[in-house]
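The following report goes through the two chains and the way they meet, in running text with one table.

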Amino acid sequence: MQFAKATLAPYLSHKLKTPCEILEVEKFGRGSSRETWFITYRRGEQPREHLVFRRDPLAGSVDYSPLEQEYFLYERLGRSDVPVASALWWEADPAWTDRPFYVRRHIAGSWDVPHFKDPAPEYDELRIRISKEHMRALARVHAVNWKALELDSVLCTAPDTSSCAAHYVDSVVALYESQRIEPIPLMLEAAEWLKARAPVASRICLCKGTNGLGEEIFADETLVAMSDWEEAHIGDPAADFAFMQEFAPTVIRDGETVWSLAHALDYYRSVGGAPVTEAAVQFYQIVRALRMLAFSHRAGAAVHRSAQAPIRQAWTGTEVCHFAKHILAFTMGLALPPAASYFAELNTSVENAS
Amino acid sequence: MIYPTANDVLRCIDQTLAESADADLPAMARKSALASCRHLVRHVELRLRLERGLLQEDAERLAALLPGVADYLADSGSEGPAQATAIRQQLSRPAPASDDGSDDLEPLRAHVLALREALYQALALLQKLDASRRESATYQALREGIRGYIREELQQEDLLIHDAFVGQGPRR
């Protein structure tokens, strides 16, 4: 099914059982794991309404978690106090589409927080407020009763606090193995290295996976919806601090560090979060590199298998894959460190390039 | 890095260029896609220039490393002897001719993949051996040899990546 006015009008009219006029169809430019479409429509003379359609790219998603899992998570988390967009329905009817998708309510807001990345000191307080807002949201995520919501029926779930980290590492290797088209001995070497250094988790909880600027929706300074649950799992809360994308910024005032990851962790703990050490966070940062190697290899495999693969996957399957190997090799003492500026360079897009 | 191949990447670039001609594509999406294409064109150029030599070197390193791995596994009990036999069979297969004048890298690629798969399976088995074996100097030397291979493979791969991407502007 093409997401276009001509095809969406009869579809939504059928689904909502009332004539619908499609006013706007926009494909979201950010994100490469899945397609996100913003649909604006009107029922008769009613005010404009907004929906979000999500589906996998034609060549498949970069990420390993299936679209059905994402829909399930949104539906179940809608029953908790975690801010998420309401999941509305799943569509796989071949009469309408050859590629399944799901629909969720659109939440007004933006992934961008104006001035958050402005280095001027006058925005330091804004950065700290946003960091605290995110810490409060993470504490809510980590307090979710995942057993009651049956999240363990679809998510990788750690058996206990002591084997939690090793279990997660094994799960990443298993994901890689499930789509492996090229043997990467570094994957096994790094997994073994990590398991030999695995920390004990303070508790087992729902972890979101990817966090920080670009992953959540804000209205002014309020986090109104948490997005991007593709890497969600049930494990060590420390894992959620390993990929913060600037939401645990270091703020120095008059030579004194007034905010940092340590401050953020203390604040998170004060609002009901679990005990999390910086050492455990560092461990999970290396696990993230292992996961980056797994999903970038999958992206490369998609490019090999399909002429329809998006160009972003070709980049992910080449440079990002190499970067993940480099990080892991450096961690194990097998390579020099990447240049300090390299990670920022990798994250620069034509949209945010100065 | 064997996959995606240079041809895979070229096919992806071609598809992207065709899609970029769509007048309805938002300007930022087109700009982003074309930025990625430029990096990947440079990457393909490096692949065309360097990949055959790098694959040959990779095959030579694996051919030097694997006999020692097979010897060790042959004496390690459990699945080791079967694994050793598989490695030796793989090593006995002739490498594709290096000067056949063909542009087709597929036979060489398949040869390296098979050798590297043998190493991968051997490493998985070595990691499962019990602690007493793992503490021996022979075992440690073998593992150090594998780590050396990993280090060199990464350095090789960097030749196909660094100049194509680093310092060349936004990737997407």
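Among contacts in chain B between residues at least 6 apart in sequence, what percentage join residues at least 24 apart? In this predicted model, the share in chain B is 78%.

**Chain B**

Chain B contains six helices and zero strands, so that its pattern, read along the sequence, is α-α-α-α-α-α. Its radius of gyration is 21 Å, whereas a compact globule of 172 residues would have one near 16 Å. The C-alpha trace of chain B spans about 65 × 40 × 25 Å along its principal axes, and buried residues make up 33% of the chain.

**Chain A**

Chain A has nine helices and 11 strands. Its radius of gyration of 21 Å is close to the 20 Å that the globule rule gives for 354 residues, and chain A is therefore as compact as a globular protein of that length. Residues 24 or more positions apart account for 65% of the contacts in chain A that have a separation of 6 or more. The table sets out like values for the two chains.

| Chain | Residues and buried share | Extent along the principal axes |
|---|---|---|
| Chain A | 354 residues, 43% buried | roughly 60 × 50 × 45 Å |
| Chain B | 172 residues, 33% buried | about 65 × 40 × 25 Å |

**The five-stranded sheet of chain A**

Five strands of chain A form an open sheet in the order E1-E2-E3-E5-E4, with antiparallel pairing. Strand E1 (20-27) and strand E4 (87-91) of chain A stand at the edges, and because each has a single partner strand, one side of each is left without a neighbour in the sheet. On average, and with direction ignored, neighbouring strands of this sheet are turned by 25° against each other. Within the sheet, strand E2 (residues 35-43) of chain A is joined to strand E3 (residues 49-55) of chain A by seven bridges, the two strands running antiparallel; Ile39(A) has Leu51(A) in E3(A) as its bridge partner.

Helix H1 (residues 5-16) of chain A packs on this sheet and touches E1 and E2 of chain A, its direction making about 125° with that of E1(A). Helix H2 (residues 67-77) of chain A, in turn, lies across E3, E4 and strand E5 (101-105) of chain A, and runs at about 155° to E4(A).

Strand E10 (residues 251-253) and strand E11 (residues 256-259) of chain A run antiparallel and are joined by three bridges, with Glu256(A) in E11(A) as the bridge partner of Arg253(A). Two residues lie between E10(A) and E11(A) in this hairpin, and Asp254(A) in the turn has a positive phi of about 50°.

Helix H7 (residues 278-305) of chain A has 28 residues, which at 1.5 Å a residue should span 40 Å, and this agrees with the 40 Å between its end C-alpha atoms. Of the 28 residues of H7(A), 22 are buried, so this helix is largely enclosed by the rest of the structure.

**Where the chains meet**

Which helix of chain B gives the most to the side that touches chain A? In total, 44 residues of chain B are in contact with 36 residues of chain A. Helix H1 (6-20), helix H2 (27-74), helix H4 (106-128) and helix H6 (137-165) of chain B each supply at least two residues of the side of chain B that touches chain A, and H2(B) gives the most, with 11 residues. By class, this side of chain B has 25 nonpolar, eight polar and 11 charged residues.

Terms used: Residues are numbered from 1 along each chain as its sequence is written. Chains are lettered from A and ligands numbered from 1 in the order in which they are written. This is a predicted model: local features need pLDDT of at least 70, side-chain atom pairs count only at pLDDT 80 or more; totals for chains, interfaces and linings use all residues. Two strands pair if DSSP finds at least two bridges between them. Helices (H or I, at least four residues) and strands (E, at least two) are DSSP runs, numbered from the N terminus. The radius of gyration is taken over C-alpha atoms; the globule rule is 2.2 Å times the number of residues to the power 0.38. A residue is buried if 20 or more other C-beta atoms lie within 10 Å of its own, exposed if 12 or fewer, and partly exposed in between; C-beta atoms are placed from the backbone. Two residues are in contact if their C-beta atoms, placed from the backbone, lie within 7 Å. The expected span of a helix is 1.5 Å times one less than its number of residues. Ala, Val, Leu, Ile, Met, Phe, Trp, Tyr, Cys and Pro count as nonpolar, Asp, Glu, Lys and Arg as charged, and the others, Gly among them, as polar. Axes are lines fitted to C-alpha atoms, for helices over the stretch in contact, and angles run from 0 to 180 degrees between N-to-C directions.
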